[in-house]
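Student: Please show me the model, and then let us go through its contacts by question and answer.

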Amino acid sequence: MSGAKRLALTDRIGVAAIYAIGFLSLALLVAPSLIVVAISFDTRSYVSFPPVGFTFDWYVKLFATPELIRAMWVSLKVGLIVTGLCLALGVPTAIACVRGRFKGRQALSVFVLFPHMVPGIVLGIAILFAGATIDARPSIGLQSLAVACFILAVMIRIVMARLMRLDVALEEASANLGATRLQTFRHVVLPLLLPAIWAGAAFTFIEGFDNISVAIFTHGHRDRPLPVELMSLVQNDNTPMVAAVSAAQIALSVVILGVVSSTLGLEKLND
Amino acid sequence: MDGAYVGLAPFVAIDGLTKRFGDHVALADCALAIGRGEIVTLLGPSGCGKTTLLRCIAGFTEPDAGSIAIDDADTLALPVNRRPVGVVFQNYALFPHMTVAANIGYGLKMRGVPKGEIDRRVADILALVSLSELKDRYPIALSGGQQQRVAVARALVVEPKLLLLDEAFNALDAKLRAGMQAELRKLIKRLGMTAIFVTHDQDEALAISDRVAVMGSGRIAQVANPIDIYDRPVSPYVAQFVGTSNMLAARAAGGVATLPGGVKLPTSYSGDVQVLVRPQNFEILDASDARAGWQGRVTFGRPAGAIVEYEIDAADGTSFKIAALRDSPAGHLSAGTPVGLAVRDASACVVFEASA
């Protein structure tokens, strides 16, 4: 029975192929970030790889550039407003879509995904024109609203998925034990939804901070968000400062993921 | 009527309860009266309406018509969180994010009971179900039997007037089940609690209840104590759902139905009838025995503890299910053995109309 112990040749080729694809995928995911970080420390004043020296100059320069600092604050504000909007609108919508007993519930749960299906640029232009008709000019507010509209579906889907897996009997048990609907929500549904809500908040914040397709048409003229600022930076002077800004953003994402994974466990993002 | 509630005004009175889901009639004019401190089981196959009836009492489902009164109070008028009923759910529905103690104290907390009193009452009930040492565990760290006890304690601690248990033993393995059934029955009796169990498991129904209500197609087919349900079923449906049964075709005339072998059964029916004979009410004889009403061959023998369950096919194609004590002469028949069959006790047979 030596065949049982040693895999057949075709199986071994298959396993090798799976490993190869796995490593290639990982490399494609991680390598660009690593290259960007490496370039951000280069001593040369143009973007090139591999770096030939090491300096913090580009970071110093970055924090000495008021437009970039301002853009970071704008993106931070947009990220927080988008997260707030998505929490306020997404969580109740998800609950209505799953637990609701009304006509058109199915239609609603498909309809709320629609803005996410439209290309971001189309949505951005649409909201720009729609805003113009009611005199809502491009601003942090309009940009936040537009990005929230774009990313709301993600929050709704994550919370819906969790809610669909939540046994209705838990809510019935709570009611049976004397809880009002509000108490049931507060003590049973909400705590069990929290991992999904946190995950949704992380995704929507990152999108709010990072989105460019919708933001480019809707941001305020004085309030340019970081991605927009970064794009003009790349177009105008292509120094490693661009890489430094990107590296700072990567650091932010890593911090958010780190916080989420250490408080909730990363695996719960899939719940 | 045999097995009907006898006594003062019933503690739980269900009348005319009807529920439709679209075209499907889940409950059709159900009536049931239960005395204080009584344990009643709703027994039936899935889809018979037993769970719908339970959910109507608990308030999870709104009936289309009918009334439910508990201790003379109209229960249907109360919202779900004000009904004086405690439910033990099929898979217990313990809150996964709360400890055992928090699960059990939940109902008291929702009622605004002071913290000190919650702790005291939770400790008392934990002692009652022997779970004191597990109070800080989370449900996921408990065995099925322990989870069931937490679910029972959680339902009991708020002192409901009526306890409802939905397939409470389903999630337990067979070995554990019998022990937990006896334990739960003793606990409910000790507390003087009135309880309704829902189950599709006839052994559970017979083991745990004072009375069994057999349900079918949204109706209550018979309510009686477990022995009468088995011995005196009112219809072939009840007879076939509870216990193993042989339904034999026979003719009735002049107030008497006659089975092969000369067994005479008094009956008010005439014409074609069906006769219920339980497996242990047959005597297995030699094939040549003159007392035999049927001749047949053993097709299958299955030892089941102290008895052997045989399948015996008669010459006319009828298949009999027959039980014999294993240490009797008929306890060791191999497949193919020719045998004769006779009914032992005519009074233990039940006659039904053939069309019933």
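Predicted model: local features only at pLDDT ≥ 70, side-chain atom pairs only at ≥ 80, totals over all residues.

Tutor: Residues are numbered from 1 along each chain as its sequence is written, and chains are lettered from A and ligands numbered from 1 in the order in which they are written.

Student: Which element gives the most to the side of chain B that touches chain A?

Tutor: Two residues are in contact if their C-beta atoms, placed from the backbone, lie within 7 Å; by that rule, 16 residues of chain B meet 15 residues of chain A. Elements are DSSP runs, numbered from the N terminus: helices are H or I with at least four residues, strands E with at least two. Two or more residues come from each of β6 (85-88) and α2 (100-110) of chain B. With three residues, the top contributor is α2(B).

Student: What distance separates the centres of domain 1 and domain 2 of chain B?

Tutor: Domain bounds come from an automatic or database domain assignment, which divides chain B into domain 1 (12-240) and domain 2 (244-353). Seven residues of domain 1 of chain B are in contact with seven of domain 2 of chain B. Taken over C-alpha atoms, the separation of the centres is 39 Å.

Student: And what is the distance between the domain centres in chain A?

Tutor: In chain A the assignment gives domain 1 (2-39) and domain 2 (57-270). Over C-alpha atoms, their centres are separated by 33 Å.

Student: How are α9(A) and α10(A) oriented to each other?

Tutor: Axes are lines fitted to C-alpha atoms, for helices over the stretch in contact, and angles run from 0 to 180 degrees between N-to-C directions. The axes of α9 (168-176) and α10 (181-210) of chain A come within 10 Å and cross at roughly 140°. Angles under 35 degrees count as roughly parallel, over 145 as roughly antiparallel, 65 to 115 as roughly perpendicular and the rest as oblique. The two helices, α9(A) and α10(A), are therefore oblique.
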